[in-house]
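Below is a set of questions and answers on one structure, meant to be read with the sequence and the coordinates at hand.

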Amino acid sequence: MSDSTGLSSPTPGALPGSRPFVPERLRLTANDAPEHERLERHRQFFQQLGVRYGGSATGVDPIGIDLTMHRFPGLVFSSSRLHGARYRRTRESNDPTEDVGLMISREGRFLVSQRGREIVLDSGEATLVSLTEALDSVPCGDMLILRFPKPQLAPRLVGAEDCALRRIPAGTPALNLLTDYAELVERGDACASEELQHVITPHFYDLAAVAIGATRDATELAKGSGLRAARLYAIKKDIARNLDDRDLSVAALAARHACTPRCIQRLFEQEGTSFTDYLLTQRLARAYCLLTDPRHADLKITAIAFDVGFGDTSYFNRTFRRHYGDTPSGVRALVRRSGHA
């Protein structure tokens, strides 16, 4: 991870015509600096990326700047907590960029103005803006901005030229999925794998297009790929976080993810498995990791079974042996012998 100093040159392999070029993850935190220096740090950070930012204090709140930028093939997205300043963004005169930005207010308010029009986004709302024209904004809160090359996103949209500064309401299903998906990717290890990045990027395009207003063809494609993949990704992350919950069920997941139990069952069926089999496999895998980890050598097998969501030790032993070809105690003994070999 980099900060605002020592930025590298444009990253090889970045999509031509799509700027800024950034490392896989780039961070700017200016809250530790004297307040009168924070806007200058923000200006320098973006200047090295080919973007001009002018800023001025609003006088309402102290200036706060904390942002993280991620680069994927054909996509840049940034999450930030900004307040206390008004910004004007322009591009360098030699920048051939034809990019657009989907601005999402995750929490707080976000005033955006462009082409003589103005919109104020409340929590959960979003809008699309041009990044080839001057843009004024007063962010206050937690923001997510997704930057797409316009030539790639526009064909997926109905009336692409009329989408700018059109409010996307809070609660829009595709927008909720998009926001959740971005958060999961940020928390996960997606940035570490270039192969995974190429898989994830199309999902962002699908979700963004449906949230903004996709063509019929783009909507059908999204249903078969991006929307399904994003929802399944979120559900699998939810399962991983709650393996110890013996009451974890399709119904509980459906309630949390605002879909039907049958929808979740179909997602797993399309992967050639079932929710029950997937959950069982994940619990057994977690148990295997605990059994083979020397740090948990003193943890009783019964406790491990309960810790990964099994309520019946006999059932745990049977399914573990069927899956791994040995009992939990046998696997643990083998690891111990190997450690003394």
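A residue is called buried when its relative accessible area is under 20%, exposed when it is over 50%, and partly exposed in between. The structure discussed here is a predicted model.

Q: Is L165 buried or exposed?
A: L165 lies in the loop between α2 and α3, and its phi is positive, at about 55 degrees, although L165 is not a glycine. Most residues other than glycine have a negative phi. The relative accessible area of L165 is 8%, and because the cut-off for burial is under 20%, L165 counts as buried.

Q: What is the relative accessible area of V308?
A: V308 is placed in the loop between α10 and α11. Not counting residues up to four places away in sequence, V308 touches L243, D244, R283, R286, A287 and L290. V308 is classed as buried, because burial requires a value under 20% and the relative accessible area of V308 is 1%.

Q: How many Å apart in space are V308 and L290, C-alpha to C-alpha?
A: L290 is one of the residues that V308 touches when residues up to four places away in sequence are left out. Along the chain, V308 and L290 are 18 residues apart, while in space their C-alpha atoms are separated by 9.6 Å.

Q: Which residues does I301 contact, leaving aside its neighbours within four places in sequence?
A: I301 has its place in helix α10 (residues 301-307). Its C-alpha is 8.5 Å from that of T313, a residue 12 places away in sequence. With neighbours within four places left aside, the contacts of I301 are L291, F316, N317, P328, S329 and R332.

Q: How are helices α9 and α11 oriented to each other?
A: Two packed helices are described by the angle between their axes and the distance between the axes. For α9 (residues 275-292) and α11 (residues 313-324), the axes come within 11 Å and cross at roughly 90 degrees. Angles of 65 to 115 degrees count as roughly perpendicular, and α9 and α11 are therefore roughly perpendicular.

Q: How many charged residues are there in the contact of α9 with α11?
A: On the α9 side, the contact is made by L280, T281, L284, A285, A287, Y288 and L291, which meet Y315, F316, T319, F320, H323 and Y324 of α11. By class, these residues divide into 10 nonpolar and 3 polar, and the number of charged residues is none.

Q: Which element gives the most to the lining of the largest pocket?
A: The largest pocket has a volume of about 330 Å³, and of its 14 lining residues the closest to the centre are N176, D180, A234, R256 and H257. Two or more lining residues come from each of α3 (173-187) and α6 (226-241). The lining divides into 5 nonpolar, 2 polar and 7 charged residues. With 7 residues, the element that contributes the most is α3.

Q: Which element supplies the largest share of the lining of the second largest pocket?
A: The second largest pocket has a volume of about 180 Å³, and its lining has 16 residues, with V100, L128, S130, K150 and A160 nearest the centre. At least two lining residues are supplied by each of β6 (99-114), β8 (126-130) and α2 (150-153). By class, the lining has 8 nonpolar, 2 polar and 6 charged residues. The largest share, 3 residues, comes from β8.

Q: What is the number of nonpolar residues in the lining of the largest cavity?
A: The structure holds 2 cavities of 30 Å³ or more, and the largest cavity has a volume of about 340 Å³. Of its 22 lining residues, F46, Y53, M69, S78 and I145 are the closest to the centre, and the elements that give two or more residues include α1 (35-47), β2 (51-57) and β9 (135-149). The lining has 4 polar and 2 charged residues, and the number of nonpolar residues is 16.

Notes. Residues numbered from 1 in each chain as written. Predicted model: local features only at pLDDT ≥ 70, side-chain atom pairs only at ≥ 80, totals over all residues. Heavy atoms only, no water. 1 Å grid on protein atoms, 1.4 Å probe; cavity = no way out; pocket = protein on both sides within 12 Å on 5 of 7 lines; lining within 4 Å. Points joined across faces, edges and corners; volume = space filled by probe spheres on them. Helix = DSSP H or I, 4+ residues; strand = E, 2+ residues; numbered from the N terminus. Nonpolar A, V, L, I, M, F, W, Y, C, P; charged D, E, K, R; others polar. Axes fitted to C-alpha atoms, helices over the stretch in contact; angles between N-to-C directions. Parallel < 35°, antiparallel > 145°, perpendicular 65-115°, else oblique. Contact = heavy atoms within 4.5 Å. Buried < 20%, exposed > 50% of the residue type's maximum accessible area, 1.4 Å probe, protein only.
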